[in-house]
Amino acid sequence: MKNNMRPADMKRINTPALAEAFINEQVEAVRAQVGDKKVLLALSGGVDSSVVAALLIKAIGRQLVCVHVNHGLMRKGESEQVLEVFRDQMDANLVYVDATDRFLDLLAGVDEPERKRKIIGGEFIKVFEEEARKLEGIDYLAQGTIYPDILESDGVKAHHNVGGLPDDFNFQLVEPVRLLFKDEVRCVGHALGLPASMVERQPFPGPGLGVRCLGAITRDRLAALRESDAILREEFAAAELAEQVWQFFTVVPDFRSTGVRDGKRAFDWPVIIRAVNTVDAMTATVPEIEWVVLKKITGRILAEVPGVCRVLYDLTPKPVGTIEWE
């Protein structure tokens with residue numbers, strides 16, 4: 001049984017040298033654990049699973065089988081980045097599953113937030129299980145468990161959605177970053193050569209854009225959400241706000257508003273910008289973004305995103321408002 005307690009004398013991994021030493025140690029540990037067996041990993045493209053994937057590729061190469069499931073609720077360019085980094089650059093043994101239609105068909109007409117979450121999480125497990133059953137000779141399951149997960153949930157990495165696999169798989173776990181905090185995982189990711197956009201990726205809910213496309217998800221509103229979110233991220237990066245603001249995203253609600261476009265009455269959606277700063281996500285404040293930046297974002301969204309006639313900035317701190325809208 002693994003020792004899941006962080007040693008009191010374990011150094012914080014906060015320099016490239018310490019990260020390299022950790023990587024070398026874990027490469028040897030993984031090789032000793034799995035030998036010539038295969039390892040399966042659900043690669044979401046998030047920080048934890050990406051760092052684990054890069055570390056295991058370094059240790060065992062194509063003995064690692066990564067499965068990336070695109071549920072159609074990813075941010076713009078995220079699945080493409082996973083394919084580019086891991087398949088094309090790192091020569092990963094990567095299975096890509098585009099399950100967009102499958103997920104969106106199941107979500108059609110579903111407007112209750114918790115039901116949406118359950119559908120997305122449950123279907124992810126089904127897709128991952130189906131892919132796992134197609135593979136042969138898999139003895140190990142890698143997970144991006146990190147130390148806060150152990151402290152808060154007895155080691156179960158529930159938001160990776162692989163904890164629900166049937167018992168008959170009988171996988172043994174490989175969890176090379178289980179004793180690290182998030183900032184240490186990022187440090188290791190940089191040392192492994194992962195792109196900064198992936199290593200510094202913001203917190204992203206397991207259901208993805210499904211909880212930011214409020215109410216019943218439609219493909220046109222989802223497209224508007226994805227494009228407006230991409231514009232927000234581009235402009236925050238250009239204004240050097242991406243590293244100053246803890247989390248930022250857009251939300252598109254399931255109602256329309258009156259507007260005027262090309263001299264004619266329009267009846268389109270609003271886009272809501274949400275930006276927060278926090279230390280522990282239990283409380284959050286709203287940053288005062290310069291007016292010129294907000295005006296530029298507004299202008300681009302109204303000009304470039306079909307079906308949108310208003311842009312709003314959410315000023316609500318936590319409490320009373322939560323960070324996400326659903």
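**Exercise 1.** Find glutamate 235 in this predicted model: which helix holds glutamate 235, and is glutamate 235 buried or exposed?

*Solution.* Start with the helices. Glutamate 235 sits in helix 9, which runs over residues 219-238. Next, look at how much of the residue can be reached: its relative accessible area is 9%. The cut-off for buried is under 20%, so glutamate 235 counts as buried.

**Exercise 2.** Work out which residues glutamate 235 is in contact with, leaving aside its neighbours within four places in sequence, and which side chain its own side chain meets in a polar contact.

*Solution.* What you're left with is Lys296, Ile297 and Arg300. Now check for polar contacts: the side chain of glutamate 235 makes one with the side chain of arginine 300, at 2.8 Å.

**Exercise 3.** Zoom out to the whole protein and decide how its radius of gyration fits with that of a compact globule.

*Solution.* Begin with the chain length, 326 residues. For the outline, picture a box of roughly 70 × 40 × 35 Å along the principal axes, filled by the C-alpha atoms.

**Exercise 4.** Describe what the fold is built from and what share of the residues is buried.

*Solution.* Count the elements: there are 10 helices and nine strands. Then turn to burial, where 52% of the 326 residues are buried.

Methods: Residues are numbered from 1 along each chain as its sequence is written. This is a predicted model: local features need pLDDT of at least 70, side-chain atom pairs count only at pLDDT 80 or more; totals for chains, interfaces and linings use all residues. Side-chain values use heavy atoms; hydrogens and water are left out. Helices (H or I, at least four residues) and strands (E, at least two) are DSSP runs, numbered from the N terminus. The radius of gyration is taken over C-alpha atoms; the globule rule is 2.2 Å times the number of residues to the power 0.38. Buried means under 20% relative accessible area, exposed over 50%, partly exposed in between (1.4 Å probe, protein chains only). A polar contact is a pair of N or O atoms within 3.5 Å; within protein, one must be able to donate a hydrogen and the other to accept it, and residues adjacent in sequence count only if both atoms are side-chain atoms. Contact means heavy atoms within 4.5 Å.
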